[in-house]
Amino acid sequence: TRGRILHKGLLRQKMPVKLFLRRGPLRYIQIMLRVVRNDYDILLVNGKIVLAVARFLTWKPIIFDMATSDYDTLVRNRKSVRAGSWRAKALIFGDKYACHLSNKVLLEARTHIAWFSKRFRVPKQRFALVNVGADEEVMVPGKALPKKRGTPFRVLFFGTFIPLHGVTHIIKAAEIIKKQQNEHIEFIFAGHGQTWQDMVKL
């Protein structure tokens with residue numbers, strides 16, 4: 001997960017880190033009790049409810065790992081929330097207050113930083129870029145399987161069919177390869193999502 005990657009990154013920089021992870025119905029009470037101890041220099045939090053609770057209880061610097069915009073993801077990209085609805089307005093409000101309650105906001109793309117800064121009139125210096133990554137101790141290359149003569153080289157896409165993942169560009173790349181009459185490369189698409197039907201038509 002992104003939290004694990006951040007944790008390992010901080011440890012590699014030899015920074016002392018204290019983890020506090022809680023689940024269950026009492027987690028917010030436990031988090032409140034932990035925050036008020038004030039035995040830290042900087043608080044790194046994830047989740048907007050946790051951010052609001054922490055900001056209410058301490059004025060020490062807070063770094064918020066937002067990664068991306070909830071509004072942009074659910075309204076503009078996945079279109080699972082209707083633009084202009086009360087849910088959409090709640091999402092945009094959550095994105096906005098998160099920027100103003102935090103001393104530093106971590107986002108996963110430079111385009112996100114530009115969008116947040118322009119939309120909510122927040123200085124770009126408030127944001128920091130932490131790219132999408134993977135835990136190198138978990139995501140490791142598998143052993144190469146023996147390839148039989150005459151079998152194609154297979155390219156697998158496994159994910160959600162949403163505009164952000166750029167499946168359209170992968171399909172167009174496959175078409176370019178096909179036009180070059182390269183019969184030894186095969187593309188396999190696995191997953192589901194809102195753009196699935198459109199991708200099938202391509």
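Predicted model: local features only at pLDDT ≥ 70, side-chain atom pairs only at ≥ 80, totals over all residues.
View 1. The largest pocket has a volume of about 1500 Å³. Of its 37 lining residues, Lys18, Leu19, Phe20, Leu44 and Val45 are the closest to the centre. Helix α1 (2-12) gives the largest share, eight residues, and α1, α2, β1 and β2 (62-67) each supply at least two. (A pocket is an open set of points on a 1 Å grid over the protein atoms alone, where a 1.4 Å probe fits, with protein on both sides within 12 Å along at least five of seven lines; lining residues have an atom within 4 Å of a point. Points are joined across faces, edges and corners, and the volume is the space filled by probe spheres set on them. Helices (H or I, at least four residues) and strands (E, at least two) are DSSP runs, numbered from the N terminus.)

**View 2. The second largest pocket holds about 240 Å³ of space.** Residues of its lining include Thr68, Glu108, His112, Trp115 and His165. Helices α4 (70-77) and α6 (110-120) are the elements that give two or more residues to this lining. Three of the lining residues are nonpolar, six polar and three charged.

**View 3. Arginine 34 sits in helix α2 (residues 27-35).** With a relative accessible area of 15%, arginine 34 is buried (buried is under 20%, exposed over 50%, partly exposed in between, for a 1.4 Å probe and protein chains only). Beyond its neighbours within four places in sequence, arginine 34 is in contact with Lys18, Phe20, Asp39 and Tyr40 (contact means heavy atoms within 4.5 Å). The buried residues of α2 are Ile31, Arg34 and Val35. They fall within an arc of 95° seen down the helix axis, so they line one face of α2 (the arc is that of the directions from the axis to the C-beta atoms). Their cover includes β1 (43-45) and α3 (48-57).

**View 4. Arginine 87 lies in helix α5 (residues 86-101).** Arginine 87 is partly exposed, at 43% relative accessible area. Its C-alpha atom is separated by 27 Å from that of aspartate 198, 111 residues along the chain.

**Notes for all views.** Residues are numbered from 1 along each chain as its sequence is written. Local features need pLDDT of at least 70 and side-chain atom pairs count only at pLDDT 80 or more, while totals for chains, interfaces and linings use all residues, and side-chain values use heavy atoms, leaving out hydrogens and water.

Note on methods
Nonpolar A, V, L, I, M, F, W, Y, C, P; charged D, E, K, R; others polar.
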